[in-house]
Amino acid sequence: MIIKGNIALSDNGFVFNPSTGDSFTMNKTGKEVIMLIKEGQDLSQISQSLLEKYDVDSNTLERYLSDFVNDLSVNNLMEE
Amino acid sequence: MTPQKLTVAVTGLNNIDSPGPGIPVIRGIRESKDFEVRIIGLAYEHLEPGIYMSELVDKTYMIPYPAEGKDALFNRLVEINEKEKIDVIIPNFDAELFSFIKLEKQLEGIGIKTYLPTIEQFDERNKSNLPAYGKKYGVNVPAGTEVFSLSDLGNALKSMNFPVMIKGKYYDAYPADSLEQAEGYFSKMSAKWGYPVIVQEFIRGTEVNVIALGDGKGNLIAAVPMRKQYITDKGKAWGGITIEDPSLLELAKQIISQTKWKGGMELELIRSADKKLYLLEINPRIPAWVYLAVGAGQNIPEALLKLTLGMDVTPFTRYDVGKMFIRYSYDMIVDLELFSRLTTSGEL
């Protein structure tokens with residue numbers, strides 16, 4: 001699970017894909033997940049970090065996390 | 001270094017909802033530190049906004065419509081040149097290019113330089129020749145054909161699926177979802193631009209464009225790819241962003257190198273859902289969004305001017321990715337006296 005190398009993520013959660021010209025706005029959690037992916041963590045590691053930090057059950061978290069990663073992929077932000 | 005003094009004539013001053021490239025070309029040239037330029041506007045219509053932009057255009061002359069032929073154009077340019085001593089003309093309309101290309105030698109004879117493709121290059125990339133062009137140069141092109149009558153259109157549509165694109169000879173393109181709609185657009189396009197009208201397979205995807213400049217020897221001097229972000233109902237970009245896409249630059253390089261294209265061009269492309277790149281059109285001149293390229297670090301109008309003057313131009317190797325342009329309209333207040341002077345004397 002790798003975010004494309006040229007994807008730009010700014011401090012305010014603005015994501016820009018220079019290959020397509022698409023831009024996205026992430027909320028705080030979305031930005032956090034992208035940062036964790038960029039650090040090289042896999043889904044289970046990210047899930048663990050978020051479970052420790054937020055008041056959420058693991059089923060809900062995994063569902064949202066999986067949807068989010070799928071969105072990243074659909075929007076060409078992940079390496080294929 | 002003292003800037004070189006030059007007189008440059010530019011067409012395409014119609015800065016309207018389907019804007020011409022004249023004004024952004026002039027902005028690029030005005031920003032050059034190597035030239036101090038007197039700009040002569042050449043206009044077809046009295047209400048082309050560029051005529052009244054005195055901060056950009058020093059003087060404007062009316063010229064005859066392309067339909068009046070190249071001799072009428074040349075005679076008018078001779079008259080203008082006697083007063084202005086023009087060094088370079090940069091034509092910016094598809095419909096006038098044929099005449100300017102044909103007049104290249106005659107213009108040179110009166111001291112005016114141009115930097116244009118050859119007639120063969122110009123014809124080869126014609127919308128109606130695009131399928132053959134794609135085959136020759138190994139580029140994906142949507143299936144299409146040229147039609148001259150409603151019965152031609154009906155026959156062509158028998159082997160195509162809706163929607164299809166109906167395109168004018170020089171400008172305009174509309175998607176049609178039915179035979180009736182296609183017939184309506186056919187009549188509109190043929191009345192406005194003449195024959196043939198082009199029927200083209202509709203490709204779904206993201207529209208991307210590349211502005212490019214070739215030196216006529218196969219070298220790509222400049223190229224900037226842009227994705228349209230805001231598109232008007234005429235299909236014109238009202239906002240766009242420079243993107244980083246090596247495959248687009250490679251395609252521009254390949255086309256310029258294989259065709260030995262001389263001058264500015266615009267590649268109109270679609271990236272389909274399966275990531276295939278289709279060439280929709282090659283416009284044989286600088287596009288109206290050229291100022292984005294200037295803003296991103298490639299002053300293409302200035303480079304074109306240098307090539308025209310026979311100066312060496314080092315090919316650009318970079319541009320800023322993520323630079324945007326946002327187009328807007330602006331109401332100028334113009335005294336009737338200016339308009340009347342233009343309409344009565346043909347110059348302002």
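I'll start with a hairpin in chain B: strands E6(B) and E7(B) form it, with five residues between them, and B:Asp172 in the turn has a positive phi of about 75°. Strands here are DSSP runs of E with at least two residues, helices are runs of H or I with at least four, and both are numbered from the N terminus.

Before going on, some ground rules. This is a predicted model, where local features need pLDDT of at least 70 and side-chain atom pairs count only at pLDDT 80 or more, while totals for chains, interfaces and linings use all residues. Residues are numbered from 1 along each chain as its sequence is written, and chains are lettered from A and ligands numbered from 1 in the order in which they are written.

E6(B), residues 164-167, and E7(B), residues 173-176, pair in the antiparallel sense over four bridges; two strands pair if DSSP finds at least two bridges between them. E6(B) is also joined by four bridges to E8(B), residues 197-201, again antiparallel. B:Met165 stands opposite B:Pro175 in E7(B) and opposite B:Gln200 in E8(B).

Are the faces of E6(B) covered or open? Both are covered: B:Val164 and B:Ile166 are buried on one side, B:Met165 and B:Lys167 on the other. Buried means 20 or more other C-beta atoms within 10 Å of the residue's own, with C-beta atoms placed from the backbone. In a regular strand the side chains alternate between the two faces of the sheet.

Next, helix H1(B), residues 22-30. Seven of its nine residues are buried, among them B:Ile23, B:Pro24 and B:Ile26. Its buried residues pack against strands E1, E2 and E4 and helices H10 and H11 of chain B.

H1(B) meets H11(B), residues 300-308, at an angle of about 75°, with the axes 7 Å apart. That makes the two helices roughly perpendicular, a label for angles of 65 to 115 degrees. Axes are lines fitted to C-alpha atoms over the stretch in contact, and angles run from 0 to 180 degrees between N-to-C directions. H1(B) contributes B:Val25, B:Gly28 and B:Ile29 to the contact, and H11(B) contributes B:Ile300, B:Pro301, B:Glu302 and B:Leu305. Contact means C-beta atoms, placed from the backbone, within 7 Å.

Last, chain A. Its open sheet of three strands has the order E1-E2-E3, with antiparallel pairing. The edge strands are E1(A) and E3(A). A:Leu9 stands opposite A:Val15 in E2(A). As for the two chains together, nine residues of chain B are in contact with six residues of chain A.

Notes
Parallel < 35°, antiparallel > 145°, perpendicular 65-115°, else oblique. Buried ≥ 20, exposed ≤ 12 C-beta atoms within 10 Å, placed from the backbone.
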